[in-house]
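Reader: I have a structure open and would like to go through it piece by piece. Can you take my questions as they come?

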Amino acid sequence: GESVGLHLPTLSVQEGDNSIINCAYSNSASDYFIWYKQESGKGPQFIIDIRSNMDKRQGQRVTVLLNKTVKHLSLQIAATQPGDSAVYFCAETSGGSNYKLTFGKGTLLTVNP
Amino acid sequence: ETGVTQTPRHLVMGMTNKKSLKCEQHLGHNAMYWYKQSAKKPLELMFVYSLEERVENNSVPSRFSPECPNSSHLFLHLHTLQPEDSALYLCASSQGLDQPQHFGDGTRLSIL
C-alpha cells in the first residue's frame, strides 16, 4: 500500500486539472486491486477495480493503471472537480480470498476552485 | 444513499457497558463485513460472513462479538471495551466474496 508513515500523503490540484494518485504494493501475488473514495463523515465509496490480467481500466472520468513489473497502481481523475476532494484508498488482495483486502493509508486530495 | 445503513452513527460508552452496532444492507448481497478504522492506521478487517456463516475472524478480541441473523443484517456486540477500541466501525457488503465491497457510513465509537 501507500506509505505507512504518520502523515497522510496529500495532493492539491486546481479545479479542471487532471489528478493522479499513486499506490505501491509489495506482494507480487496480488491479483485484484480496488480504489475507494472516502469523504469526511462518510464510509469508503467504491470507484473502480482492476484484476491483474489487465493493465488499464476506464470508468467515468477515472482510469486505473496497473504496472505489475514495478508493483504500482495509479488512479487518474480527469477534469477534477471540488466534489472529488476526499481521501482515496487503494486496496489489494491475492490468491482466492478476494475479500481479504489490504488497504493503504490513503491520499488526501484537495481540489481548489 | 449508500445501500448499507449503520446505526447508531455515534456511540459513547463506558468500559463496563454492553452495546450493539447494527448494519443493514438493501442491496441483495450475500456477504457482509465489519472493519475498524482508526486514526492514522489503514482499515482493518475484523469479521466476514458469507450466506450467514462466519468465514473470517481476523484475530479480533472476544470483547467484540458479531452476529448475522440473515443476509441483510449484521450486528457487532460490544462488551467491556478498552479506550483503544475507540474508532470508526464500518460495515460493508458484497454480492459474493469475490465482488467489490460496498460500505456504510460507519459508527463513530468512543470509549470513556
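Author: What follows is a chat about the two chains, their contact and some single residues.

Author: This is a predicted model, in which local features need pLDDT of at least 70, side-chain atom pairs count only at pLDDT 80 or more, and totals for chains, interfaces and linings use all residues. Residues are numbered from 1 along each chain as its sequence is written, chains are lettered from A and ligands numbered from 1 in the order in which they are written, and side-chain values use heavy atoms, with hydrogens and water left out.

Reader: What is the mean pLDDT of chain A?

Author: The mean for chain A is 89, with 90% of its residues at 70 or more. pLDDT is the predictor's confidence in each residue, from 0 to 100.

Reader: Which strands of chain A have the lowest and highest confidence?

Author: Strand β9 (residues 102-103) of chain A is lowest, with a mean of 90, and strand β5 (residues 56-58) of chain A is highest, at 98. Strands here are DSSP runs (E, at least two residues), numbered from the N terminus, while helices are H or I runs of at least four residues.

Reader: Where in chain A is the pLDDT below 50?

Author: Over residues 1-6 of chain A, a stretch that has 21 contacts in the model beyond near neighbours in sequence. Contact means heavy atoms within 4.5 Å. Where pLDDT is low, the predicted coordinates should not be read in detail.

Reader: And what does chain B average?

Author: Chain B averages 93, and 98% of the residues score at least 70.

Reader: How many salt bridges does the rule find across the interface?

Author: The rule finds one between chain A and chain B. The side chains of A:Lys100 and B:Glu56 form that kind of pair, at 3.3 Å from N to O. A salt bridge is a side-chain nitrogen of Lys or Arg within 4 Å of a carboxyl oxygen of Asp or Glu.

Reader: How many residue pairs are in polar contact?

Author: Nine between chain A and chain B, with both residues at pLDDT 80 or more. A polar contact is a pair of N or O atoms within 3.5 Å; within protein, one must be able to donate a hydrogen and the other to accept it, and residues adjacent in sequence count only if both atoms are side-chain atoms.

Reader: Is A:Thr93 buried or exposed?

Author: A:Thr93 counts as buried because its relative accessible area is 2%. Buried means under 20% relative accessible area, exposed over 50%, and partly exposed in between (1.4 Å probe, protein chains only). A:Thr93 is in strand β8 (residues 86-94) of chain A, and its side chain reaches the backbone oxygen of A:Lys100 at 3.1 Å.

Reader: And why does A:Ser28 count as exposed?

Author: A:Ser28 counts as exposed because its relative accessibility is 64%. A:Ser28 lies in the loop between β2 (19-24) and β3 of chain A.

Reader: What about the backbone in chain B? Which peptide bond is cis?

Author: The bond from B:Thr7 to B:Pro8 is cis, with omega near -10°. B:Pro8 sits in the loop between β1 and β2 (10-13) of chain B. Most residues other than glycine have a negative phi, and most peptide bonds are trans.

Reader: Where is the phi positive, then, in a residue that is not a glycine?

Author: B:Leu51 has a positive phi of about 50°, and B:Glu52 has one near 70°. B:Leu51 is in the loop between β5 (44-50) and β6 of chain B.
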